[in-house]
Amino acid sequence: MTLKLTAPPKGILVAAVAFDEQTETVAATAAALARRFDLEARFVHVVGPISPDLMVADAPASWSGLSSYQDMLLENAKASRRRLGDLVDGLALGSRGFGDVIFGEIDTVLIEYAKLHRASVLMTGCSREYGVLEQSFSTALSLMAHAPMPVLVVSKEHRLDLSKEGLRILLADDLRPESEEVARRAFEVAADFAPARVRQVHVQGGNVLNRAAAIEAMKARAIPQEAAAAALGCEVERDVRLGKSLGELDHEIREFMPDLVVFGRHKAMRTRPFAIGRMPLRTMLHFGLPLMIVPPCKELYANLHLFGAPPALTEGASR
């Protein structure tokens with residue numbers, strides 16, 4: 001008997017599956033990334049607390065006759081396992097695709113699961129036309145604010161086309177020390193999707209005399225990663241805009257038409273998370289584009305490359 005050895009995956013991606021209108025987009029994007037970069041994709045559905053109103057008024061027919069809250073959770077989990085199994089089987093990822101159904105508070109469980117499996121990126125879905133009480137909205141915001149690894153948010157309104165030649169990446173850089181990691185990650189992604197275009201933009205409220213200093217500060221961030229991306233044919237542009245963050249970034253997005261927007265994350269006064277000056281995380285969802293949030297380096301639970309470690313990037317960073 002001959003044993004066939006298979007190479008281990010280069011990285012692990014965790015995708016949150018809510019079985020909502022964004023599920024197909026999340027699953028398809030995760031599967032495409034897994035195939036392109038030889039990743040292990042783990043699709044996770046969390047069975048969270050059941051609303052008391054749902055228990056009384058709108059319970060599914062399968063819950064009739066169930067005697068306890070625990071029975072309802074177990075029945076919910078059984079149905080979710082069937083749906084998740086069908087979803088993972090349909091993606092045809094073979095030994096690179098897994099599905100897990102877990103009980104608990106959704107955002108907390110997803111973060112702990114991703115850490116347990118040493119995931120390099122955590123994916124979720126969120127519609128631009130969100131409502132305050134929608135589960136996907138609150139989950140996406142919580143992961144963006146607290147996950148100790150990069151969070152990729154996708155939506156069916158603007159899909160991330162991974163087959164596109166010349167991916168456009170908008171790097172919104174507020175130049176704060178806490179968000180320095182965002183530049184490194186953006187150029188890593190550019191190298192992974194080379195040739196790509198990166199536009200690094202900073203919005204400031206000062207006068208135009210500060211523009212030259214801002215450009216130099218942007219150049220100094222993530223130099224090895226930028227060099228590696230440039231060696232693979234990636235274009236790098238820089239722009240400094242004056243005015244309010246939301247309006248200026250909206251103008252930049254309309255002009256550059258990015259496929260992916262990358263923000264850094266830091267916390268103001270240790271209370272609410274902000275990025276790009278005082279822009280709240282929820283405002284970032286306004287753009288409706290694929291979005292990646294990068295936590296500060298000191299908050300990362302592990303220093304992992306987003307999609308594995310491409311030789312070209314590793315060599316470029318070591319010079």
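Tutor: What follows is a short walk through some backbone features, a helix pair and a few aromatic rings.

Tutor: Keep in mind that this is a predicted model.

Student: Okay, backbone. Which residues does the cis peptide bond join?

Tutor: A194 and P195, with omega at about -5°. P195 is in the loop between helix 6 (181-192) and strand 7 (196-204).

Student: And what's phi doing at R118?

Tutor: Phi there is near 55°, which is positive even though R118 isn't a glycine. R118 belongs to the loop between helix 4 (106-116) and strand 4 (121-125).

Student: Where does A222 sit, and what is its phi?

Tutor: A222 also has a phi near 55°, again a positive value in a non-glycine residue. You'll find A222 in the loop between helix 7 (211-220) and helix 8 (223-231).

Student: Is A222 buried or exposed?

Tutor: Buried: its relative accessible area is 11%, and anything under 20% counts as buried. R118 comes out at 48%, so R118 is called partly exposed.

Student: Switching to packing. How do helix 6 and helix 8 sit against each other?

Tutor: Their axes are 8 Å apart, at an angle of about 20°. Angles under 35 degrees count as roughly parallel, so that is what we call helix 6 and helix 8. The crossing is left-handed.

Student: Which residues meet there?

Tutor: From helix 6 it's R184, F187, E188, A190 and A191, and they meet Q225, E226 and A229 of helix 8. By class, that contact has 4 nonpolar, 1 polar and 3 charged residues.

Student: Now the rings. How many aromatic pairs does the count come to?

Tutor: The count is 3 aromatic pairs. In one of them, F37 and F193 have ring centres 5.4 Å apart and planes at 80°, so the pair is edge-to-face.

Student: How far apart in the chain are F37 and F193?

Tutor: 156 residues, with F37 in helix 1 (residues 23-37) and F193 in the loop between helix 6 and strand 7. F37 and F193 are both buried.

Student: What other ring does F193 pair with?

Tutor: F307, edge-to-face too, at 6.1 Å centre to centre with 90° between the planes. F307 lies in the loop between strand 13 (291-294) and helix 11 (311-318), so this pair ties together parts 114 residues apart in sequence.

Student: Is F307 buried or exposed?

Tutor: Buried, at 6% relative accessibility. The ring pairs link F37, F193 and F307 into a cluster.

How values were computed: Residues are numbered from 1 along each chain as its sequence is written. This is a predicted model: local features need pLDDT of at least 70, side-chain atom pairs count only at pLDDT 80 or more; totals for chains, interfaces and linings use all residues. Side-chain values use heavy atoms; hydrogens and water are left out. Helices (H or I, at least four residues) and strands (E, at least two) are DSSP runs, numbered from the N terminus. Buried means under 20% relative accessible area, exposed over 50%, partly exposed in between (1.4 Å probe, protein chains only). Axes are lines fitted to C-alpha atoms, for helices over the stretch in contact, and angles run from 0 to 180 degrees between N-to-C directions. Angles under 35 degrees count as roughly parallel, over 145 as roughly antiparallel, 65 to 115 as roughly perpendicular and the rest as oblique. A crossing is left-handed if the near helix is turned anticlockwise from the far one by less than a right angle, and right-handed if clockwise. Contact means heavy atoms within 4.5 Å. Ala, Val, Leu, Ile, Met, Phe, Trp, Tyr, Cys and Pro count as nonpolar, Asp, Glu, Lys and Arg as charged, and the others, Gly among them, as polar. Rings of Phe, Tyr and Trp (its six-membered ring) pair if their centres lie within 6.5 Å; planes under 30 degrees apart count as stacked, over 60 as edge-to-face and the rest as tilted.
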